[in-house]
Amino acid sequence: MNVHPYLFLQSPILSSGQFHPTLKESVKEPTLDKEDSPVSNYRPILNLSLISKTIEHVVKSRLIDHLTSNSLLNSHQSAYCKHHSIKTALLYIHDHLVSATGSQKGSCLCLLDLSAAFDTTDHNILITHLSSWFGIHGSVLRWFKSYLSSRWFRVKCETDLSSWHTSSCGVPQGSVLGPQLFVMYTTPLSTLISSCSVNHHLYADDIQLFLSFLPTHVDSIIDHLHNALDRILS
């Protein structure tokens, strides 16, 4: 699929295919979701500039228009999607399980979670997906490469600041584009799961696999799910 660059790039800043290096500098302040959470649960939220977020809002708007008009949004993903939420994800699975129970079937539910998913997103794989799965090419693709690469940050702890470091992977947490890029990054995984003939639904980095079956088929269903997991993990 070819995407005309002017669908996205309607300003000199964006049409250059470059995201200005100064806008990629940020301060990272680790925060906890809950006060009693262990230290391992710190979330590395970036404090980004207002200009950076304003540009990201413009690009995200064009990107969503492109995904919507070309039916490229993942129908199995509920996170960061308009009119979708954790409630719609739970209702989708609950409805399937209740319907199966009403048909006198059992169900098997397997829950997967990607560890540090936003921070370990591979830039090369993401750029490949943007091109091959979502039809993003030319100066648009170069802009996303520039946006992701060579991001410099310092870590702040109370009033102390670390030296500068650069990130080689991950999408920026606390950014406008980061969540949308992550769900695009995981879209091929959804296609892989579907090819294994396993029902599934995603909410950000949480993956729910589920199958319903007659009680006499339980052994074969468990084997089928194990085979699907092997393909997913490989």
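## The second largest pocket

In this predicted model, 13 residues line the second largest pocket, and Leu114, Tyr185, Leu189, Ile207 and Ile232 lie nearest its centre. A pocket here is an open set of points on a 1 Å grid over the protein atoms alone, with protein on both sides within 12 Å along at least five of seven lines, and lining residues have an atom within 4 Å of a point. Two or more lining residues come from each of β3 (106-113), α4 (123-132), α6 and α7 (218-233). With five residues, α6 gives the most. Helices (H or I, at least four residues) and strands (E, at least two) are DSSP runs, numbered from the N terminus.

The pocket holds about 290 Å³ of space. Its lining divides into ten nonpolar residues, two polar and one charged.

## The cavity

The whole structure has one cavity of 30 Å³ or more, where a cavity is a set of grid points that a 1.4 Å probe fits but cannot leave. The largest cavity has about 80 Å³ of space, a volume being the space filled by probe spheres set on the points.

Among the residues lining the largest cavity are Leu67, Tyr80, Phe134, Gln180 and Met184. Helix α6 (residues 178-195) gives the most to this lining, with four residues. Eight of the lining residues are nonpolar, four are polar and none is charged.

## Notes on the model

Residues are numbered from 1 along each chain as its sequence is written. The model is predicted, and totals for linings use all residues, while local features need pLDDT of at least 70.

Conventions: This is a predicted model: local features need pLDDT of at least 70, side-chain atom pairs count only at pLDDT 80 or more; totals for chains, interfaces and linings use all residues. Side-chain values use heavy atoms; hydrogens and water are left out. Ala, Val, Leu, Ile, Met, Phe, Trp, Tyr, Cys and Pro count as nonpolar, Asp, Glu, Lys and Arg as charged, and the others, Gly among them, as polar.
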